2 protein chains.
Amino acid sequence: MEKCEQCIVRQFSSLKALNKEELLKMAECKTSYTIKKGEPIFEEGEVTNGIYCVKDGVCKLSKLSDNGKDQIVKLVKPGELLGQRSMISDEPANLSAVALEDMEVCFIPKSEVMQFFTDNNQFSMNVMRTICDDLKDADDHMVNMAQKTVRQRLVETLIYLEETFGKNDDDSLRIQLSREELAGMIGTATESCIRLLSELNKSGFVELTGKKITILDKNKLKRFA
Amino acid sequence: MEKCEQCIVRQFSSLKALNKEELLKMAECKTSYTIKKGEPIFEEGEVTNGIYCVKDGVCKLSKLSDNGKDQIVKLVKPGELLGQRSMISDEPANLSAVALEDMEVCFIPKSEVMQFFTDNNQFSMNVMRTICDDLKDADDHMVNMAQKTVRQRLVETLIYLEETFGKNDDDSLRIQLSREELAGMIGTATESCIRLLSELNKSGFVELTGKKITILDKNKLKRFA
DNA sequence: TACAAAATATGATATTTGTCATACATTTTT
DNA sequence: AAAAATGTATGACAAATATCATATTTTGTA
């Protein structure tokens, strides 16, 4: 059984409020999983009964729309928690979580987390703040979806991806999304996404090399959108 | 000074967890306001330093987008609280709150609410659940904005308005929104909104009489969208 | 009441975006 | 290595939506 004390999730998430004793209790009841790229951690409608700590790898949170398309609501990176909202609302998951890369996660059962919740005020305050941040992001995201063009959303998404997940040595985006997934983030048809990427490529704002996307001049790109 | 005990907000919001003593404390420090239709309760970017209880009247929560249009994120009705997220995140308001009807609200200073927060576990749990509900709604709303057509969003919004705010004696929607505001809810240009309403009118799904909108057959309308 | 201002409505048109077909490239499987 | 499957790219076209212009109606107010 691995200790939780040095874990990246402990350092960056609401769990930083837990003391040594609580961390030991958590280490005892946690279950570690390896999730392969493309596999789900949980699916929309599933009863999760706990939260997941993302130790390594990025996943997408998405929801299937009536039109059959999968809208990506959020990307989650190492150090973050998954499933807090469902746990607190005591509801099945509203979103599916699917690995975009090979992942390492730990599952903490609900009973354990709720214990921390009542015993440790700082922890519950941290969770509350995290959810408030998510709510703000969701509201802003909604306004963008409603008011911005597909081109603007594509450009902003590319910049977000670079700033949030970083670049490879060759300056290409570190995170690898298929065109379909990228379209699912910006809320458009895959073909439209491909076409607009092509256009950005021809105009010299980005470079496309196979699956790799490289932003050539971030500021020019921003101004263009 | 009015008592809070019988207030509609106390009955329906997170405040239902407060005991008599806490309610008395709250009644002492609250400030009551009358807000006229069209006036703001607070504006985006403003430091609110507390929460508002909506005793009467409906207001819109909206955000100004880069393109100069105001996107309505949520409508808030009597019995609900305003400004919880900003208070918890300790940030200026992310959204503007503007009265759609004459309103009665009470302001409770942050210091007071935070006291309840630490002293009354049930209250903080209620607030947390409310924010979780808001987050789920926001995520779903975002998916709709990204994936549904303007016509679908208009139809769903009309049905939402009827189901949430009810009908007048003549069956028209009780809540009065200008065409511009309705467009701001569904995320489209005012002209597009007017045109689609016209179309629904000509097709016999709704009836337009001046500002009044009447849904003629909700089920047929749903199926149409 | 009459006037000005604002809101609603509609036409004409441009632009954006989606859909379907098909080609090409890459990856996976056999 | 060949074949199949999947992902990416592009053209042609249709549909949805935005924009601009201009009536028409409603509302607020002098």
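These exercises work through a predicted model, with a solution after each task.

**Exercise 1. Find how helix 7 of chain A lies against helix 8 of chain A.**

Step 1. Locate the helices. Helix 7 of chain A covers residues 179–186, and helix 8 of chain A covers residues 190–202.

Step 2. Take the axes. They come within 8 Å and cross at roughly 100 degrees.

Step 3. Classify the angle. Values of 65 to 115 degrees count as roughly perpendicular. Helix 7 of chain A is therefore roughly perpendicular to helix 8 of chain A.

Step 4. List the residues that meet. Helix 7 of chain A brings Arg179(A), Glu180(A), Leu182(A), Ala183(A) and Ile186(A). Helix 8 of chain A brings Thr190(A), Cys193(A), Ile194(A) and Leu197(A).

Step 5. Sort the residues of this contact: 6 are nonpolar, 1 is polar and 2 are charged.

**Exercise 2. Describe the interface of chain B and chain A.**

Step 1. Count residues. Chain B gives 39 residues to the contact, and chain A gives 39 residues.

Step 2. Take the area. The two chains bury about 3,700 Å² between them, with 66% of it on carbon and sulfur atoms. Met128(B), Met142(B) and Gln147(B) supply 18% of the area that chain B buries against chain A, more than any other three residues.

Step 3. Look for salt bridges. There are 4 across the interface. One joins Asp140(B) to Lys63(A), with the closest N and O atoms 2.8 Å apart.

**Exercise 3. Work out which helix of chain B supplies the largest share of the side that touches chain A.**

Step 1. List the elements that each supply at least two residues: strand 5 (70–76), helix 3 (84–89), helix 4 (110–119) and helix 5 (121–147) of chain B.

Step 2. Pick the largest share. Helix 5 of chain B supplies 20 residues.

Notes: Residues numbered from 1 in each chain as written. Chains lettered and ligands numbered in written order. Predicted model: local features only at pLDDT ≥ 70, side-chain atom pairs only at ≥ 80, totals over all residues. Heavy atoms only, no water. Axes fitted to C-alpha atoms, helices over the stretch in contact; angles between N-to-C directions. Helix = DSSP H or I, 4+ residues; strand = E, 2+ residues; numbered from the N terminus. Parallel < 35°, antiparallel > 145°, perpendicular 65-115°, else oblique. Contact = heavy atoms within 4.5 Å. Nonpolar A, V, L, I, M, F, W, Y, C, P; charged D, E, K, R; others polar. Buried area = accessible area lost by both parts, 1.4 Å probe. Salt bridge = Lys/Arg side-chain N within 4 Å of Asp/Glu carboxyl O.
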